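The following exercises are to be worked with the sequence and the structure at hand. Each task is followed by a solution in steps.

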Amino acid sequence: MVTFPVDFFITKLVSIFAGQILVNICIMKHTFFIFTIICILILNNAISQGIIINHTCEELSQIPMSWIDSVQAKQKWHYAHTSHGGQLTTGLDRIENNDPAYNIARGYSTLPNVPDALCIFDGQEGDTYISPEEYWRTAAGMNKTRDVLNNNPTINVSQWCWCCQVNSYSENDIQEYLDSISVLEAEFPDVSFVYMTGNAQTGPGNHYNQSLSQGYNRYLRNEQIRNYCIANNKVLFDFADIDCWWYNPISEEWELSTYEYWNGSDTITVPYEHPQYNLNQAAHTSYENCENKGKAVWWMMAKLTDWEEGIRLNLKVFIEGPFNGTNLNPDLNGILPLSQPYSDSPWNYTGAENVASIPDTNIIDWILVELRDTTQAEYASSETMIAQQAAFLLKDGSVVGLDGFSNLHPEISGSIIYQLFVVIWHRNHLGIMTANPLTELEGIYTYDFTTGNNQAFGTDAQKDLYNGVYGMIGGDANADGMINPGDGTEVWYFEAGETGYLGSDVNMDGQANNKDKNDVWFENESEESQVPE
């Protein structure tokens, strides 16, 4: 058995916008083997999604309840399975019994119509124990699947679960499975078909099957399924992965159960069901394993409803320099750098945000957004920081992602424990922090700095730019958090008369001149940032 500390897994969200394509990749800090490639998400439209659900997708508290509500309102699930597939439905039942908010409605060979519930068509028409031949492996079975979908047009998710066939199936058998599901996908483009790996209940000491050779074959065939789904942007419920990993709450470590198998030329490490789950409480496994799979179902459904892990920010802030009485002048738009400018001191930000070109003519500049998690604003020191991300500031004050329009989606590790406060840094304006924690609605955290001076933490931490519209104070040319003679002696006097993307250009018109000195720097001399250190 191999154990890994809880921080073994990190989630790195890489967002690549090209047309309508967004790639979110969850990457491991260390690689053990391909078996644990996780959470690859490729969205090329609202229907076609590539999602991999495995043991990292079991924390229900990370899914806002508003998204659970959306799942219950939007998703209709056709789920065909054998006895092992009952692990998912048993888990869903147990989760609902513990918290009725996770309500499901399951009909045997029929689709319920129950408000505020995930409605499930269990089985095929006239049968509830569904072998490969009754879903995908024969023409008659595929017709049964077509009948369910044609006769229940509101169904938008269809999934079939293995029994133990993967233990003995050949590579060609698995390819037949993959090809058959692809045929159904082409015929029903509005339905998300979910691929599955076979259970991992083949290994030493397992109560169900102790055959090491069958476990090795199962591992190879599951890898075949995983690789296909990753390469072709499919939706995969990785049943076997959930079987093999157990989080030990005492050691706070993930444990992966494996055995060594000699295949005739090499010794292969084969994962199999963790001994913690080696019980026969329900559907050939433990209640705990069932509940983990039920939680993963909610993750999958939330993903299919376009939920993304982490948080999204809807922020608005003005900065003094380019403010024109209504909004911000985008005079620097044509000379903005293509990479974030906060890698140097004092920010020392290591993020790699960059763009091939500035995506919108309304972009004013880069800013750096920082998240802090604590109980009260006065306690929000730099030690409470949980994330940073460089972003674009638009002329209307909106803070957006690298595509120039989306809400910011910073990567955070784990959940918000206390309350969320946001710091905004700009290269020549004084940093500010929210005076109050952000409010959350349907997974989006919102804050508007511009509506009042008391929106920023501290005393007069912002400036009344015009008629009660507030913004960040300009003039901090050397970015030391203070507006004083050093901004002149260290920066402005050296750059005066130059044009370009300059720290001394505090009014942000593309020139360093007396307007910067007289209208902004001198005007704000002696002001300091009040962001807690």
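Axes are lines fitted to C-alpha atoms, for helices over the stretch in contact, and angles run from 0 to 180 degrees between N-to-C directions. The model examined here is a predicted one.

**Exercise 1. Helix packing**

Determine how helix 2 is oriented against helix 7, and describe the contact of the two helices.

Solution. Step 1: helix 2 spans residues 86-98 and helix 7 spans residues 287-304; their axes lie 7 Å apart and form an angle of about 85 degrees. Step 2: angles of 65 to 115 degrees count as roughly perpendicular, so helix 2 is roughly perpendicular to helix 7. Step 3: helix 2 contributes residues including Leu88, Leu92 and Ile95, and helix 7 contributes residues including Tyr287, Val297 and Trp298. Step 4: by class, the residues of this contact comprise 7 nonpolar, 5 polar and 4 charged.

**Exercise 2. The largest cavity**

State which residues line the largest cavity, and which elements give two or more residues to that lining.

Solution. Step 1: the structure contains 4 cavities of 30 Å³ or more, and the largest cavity has a volume of about 40 Å³. Step 2: its lining consists of Gly475, Ala477, Asp487, Gly488, Trp492, Ser504, Val506, Asp516, Lys517 and Trp521. Step 3: two or more lining residues come from helix 8 (485-495) and likewise from helix 9 (514-521). Step 4: sorted by class, the lining has 4 nonpolar, 3 polar and 3 charged residues.

**Exercise 3. Backbone exceptions**

Locate the cis peptide bond and the residue other than glycine with a positive phi near 55 degrees.

Solution. Step 1: most residues other than glycine have a negative phi, and most peptide bonds are trans. Step 2: the bond between Ser345 and Pro346 is cis, with omega about 10 degrees. Pro346 belongs to the loop between strand 15 (312-316) and strand 16 (363-374). Step 3: Asn233 has a positive phi, near 55 degrees. Asn233 is placed in the loop between helix 5 (212-231) and strand 10 (235-237).

Note on methods. Residues numbered from 1 in each chain as written. Predicted model: local features only at pLDDT ≥ 70, side-chain atom pairs only at ≥ 80, totals over all residues. Heavy atoms only, no water. Helix = DSSP H or I, 4+ residues; strand = E, 2+ residues; numbered from the N terminus. Parallel < 35°, antiparallel > 145°, perpendicular 65-115°, else oblique. Contact = heavy atoms within 4.5 Å. Nonpolar A, V, L, I, M, F, W, Y, C, P; charged D, E, K, R; others polar. 1 Å grid on protein atoms, 1.4 Å probe; cavity = no way out; pocket = protein on both sides within 12 Å on 5 of 7 lines; lining within 4 Å. Points joined across faces, edges and corners; volume = space filled by probe spheres on them.
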